[in-house]
Amino acid sequence: MNYTKILGTGSYVPRTVLTNDDLKQFVDTSDEWISSRTGIKKRHIVTDEYTIDLAYHASLKAIEDSKIDKAEIDLLIVATVTPDNAFPGVSNLLQGRLGLEKIMTFDINAACSGFLYALNIADKMIKSGAYNNALIVGAETLTRLTDWRDRNTCVLFGDAAGAMIISRSEENNIQDVICGSISDSEGNLICHNVDIKDPSVNAKSVQDHIHMNGREVFKFATRIMPKTIRDLLERNNYQLDDLDYIVAHQANERIIDKAARDLGFPMDKMYLNISEYGNTSAASVPLAIDEAIRTNKLRKGDLFATVAFGGGFTWGGAIIKL
Ligand SMILES: CC(C)(COP(=O)(O)OP(=O)(O)OC[C@H]1O[C@@H](n2cnc3c(N)ncnc32)[C@H](O)[C@@H]1OP(=O)(O)O)[C@@H](O)C(=O)NCCC(=O)NCCS
């Protein structure tokens, strides 16, 4: 039987830190408002680095942690909504920078659920027997799409990357991954791409900023997170008590708190690092898993669930034994 396991993890954040007080220079906000409504205290933002740079540093750490020879990696997937180019993909450029030969590489866009989509795809491709070792990365520079004058959105996001090596194994450690989406025709969380251009003018392409209806996103998130965890438990014949930890997408501490209360799961077993990084979209889950492992919150043998939601709307979840 082809099973899969996590062989290594890594993460990277840019050095520059923007605190809630720093944000007061641009918008009418306060540390008190941001902290109490979201749990965010600061975020790391790019100044001279791009998505590929964050992805590269996180990947190097994951490869080192996995102790495999990078030549054994035969699949590379990058989840991002902030690729540096329309094409080639971040994954293709990352392949070159890491010196990986002639393997299949592609980017996927499932917003903040992107890493769980990448995990789902890689897990199934390895379980099919066609691939052995996948490097999967969530890398984002969402602050490049941020409208720094829109206090509804600019306080929420930060930049980061997280990476994971998952491999074929005799042990059934990545036990289940599920993903889904519903089409949000209202555009409750959207960043428009470049418009159709008039050939006679041929103006330079400009990308729009992030637009969000926070209340609708909040409602969706607090509904889908507990549902996804319950679905995972039921599909795999587990009880809530069997979980040592839940690592949820770090979008808002109040969303995580409400999901924990709905489930009846102790808040001290919900991993939290949002105060330091804000919402880093597809990087949020792998960054949190990597940190939880490094800080010994997650240990070898632990069973944990991870869950994310994002623009689209999309969602994903997994049950993993370390
Ligand atoms: C964005 C969010 C924190 C707003 O919290 P909220 O409690 O719903 O706040 P509201 O939208 O009701 O706004 C309340 C007031 O605060 C104001 N406000 C909004 N952002 C503010 C800020 N940064 N600082 C100060 N005031 C702010 C609003 O203008 C509003 O003022 P008004 O009542 O005078 O109109 C919350 O809705 C949320 O987290 N939604 C989910 C967002 C998310 O997770 N997005 C990413 C998904 S991957």
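Me: Between which elements is the loop in which P88 lies?
Reply: In this predicted model, the peptide bond from F87 to P88 is cis, with omega near -5°. Most residues other than glycine have a negative phi, and most peptide bonds are trans. The loop that holds P88 runs between β4 (75-79) and α4 (90-98).

Me: What is the omega of the peptide bond from G312 to F313?
Reply: F313 has its place in the loop between β12 (303-310) and β13 (314-321). The peptide bond that leads from G312 into F313 is cis, and its omega is near 5°.

Me: What is the phi of K102, which is not a glycine?
Reply: K102 is found in the loop that joins α4 to β5 (104-108). Although K102 is not a glycine, its phi is positive, at about 40°.

Me: Into which domains is the protein divided?
Reply: The centres of domain 1 and domain 2, taken over C-alpha atoms, are separated by 13 Å. Contact between them involves 49 residues of domain 1 and 46 residues of domain 2. In residue numbers, the protein is divided into domain 1 (3-171) and domain 2 (176-321).

Me: Across the interface of domain 1 and domain 2, how many residue pairs are in polar contact?
Reply: The interface of domain 1 and domain 2 is crossed by two salt bridges. Residue pairs in polar contact are also found across this interface, and their number is 22.

Me: Which element gives the largest share of the side of domain 1 that touches domain 2?
Reply: Several elements each supply at least two residues of the side of domain 1 that touches domain 2, among them β1 (3-12), α2 (31-38), α5 (114-127) and β7 (159-169). The largest share of that side amounts to eight residues, and the element that gives it is α5.

Me: By class, which residues does the side of domain 1 that touches domain 2 have?
Reply: The side of domain 1 that touches domain 2 has its largest share, eight residues, from α5. Sorted by class, the residues on this side are 21 nonpolar, 16 polar and 12 charged.

Me: How far apart are the closest N and O atoms of D65 and R294?
Reply: By the rule used here, the count comes to 16 salt bridges. D65 and R294 form a salt bridge, and the distance between their closest N and O atoms is 3.5 Å.

Me: How many residues apart in sequence are the parts that E171 and K5 tie together?
Reply: E171 forms a salt bridge with K5, and their closest N and O atoms are 3.2 Å apart. Because E171 lies in the loop between β7 and β8 (174-181) while K5 is in strand β1, the pair ties together parts whose separation in sequence is 166 residues.

Me: Which residue has a side-chain N or O atom 2.7 Å from an oxygen atom of the ligand?
Reply: Of the 22 residues around the ligand, those that come nearest are T29, R37, G214, R215 and N252. W33 has a polar side-chain atom 3.3 Å from an oxygen atom of the ligand, while a polar backbone atom of R151 lies 3.0 Å from a nitrogen atom of the ligand. The side-chain N or O atom that is 2.7 Å from a ligand oxygen belongs to N252.

Note on methods
Residues are numbered from 1 along each chain as its sequence is written. This is a predicted model: local features need pLDDT of at least 70, side-chain atom pairs count only at pLDDT 80 or more; totals for chains, interfaces and linings use all residues. Side-chain values use heavy atoms; hydrogens and water are left out. Domain bounds come from an automatic or database domain assignment. Contact means heavy atoms within 4.5 Å. A salt bridge is a side-chain nitrogen of Lys or Arg within 4 Å of a carboxyl oxygen of Asp or Glu. A polar contact is a pair of N or O atoms within 3.5 Å; within protein, one must be able to donate a hydrogen and the other to accept it, and residues adjacent in sequence count only if both atoms are side-chain atoms. Helices (H or I, at least four residues) and strands (E, at least two) are DSSP runs, numbered from the N terminus. Ala, Val, Leu, Ile, Met, Phe, Trp, Tyr, Cys and Pro count as nonpolar, Asp, Glu, Lys and Arg as charged, and the others, Gly among them, as polar. A residue is near a molecule or strand if one of its heavy atoms lies within 4 Å of it.
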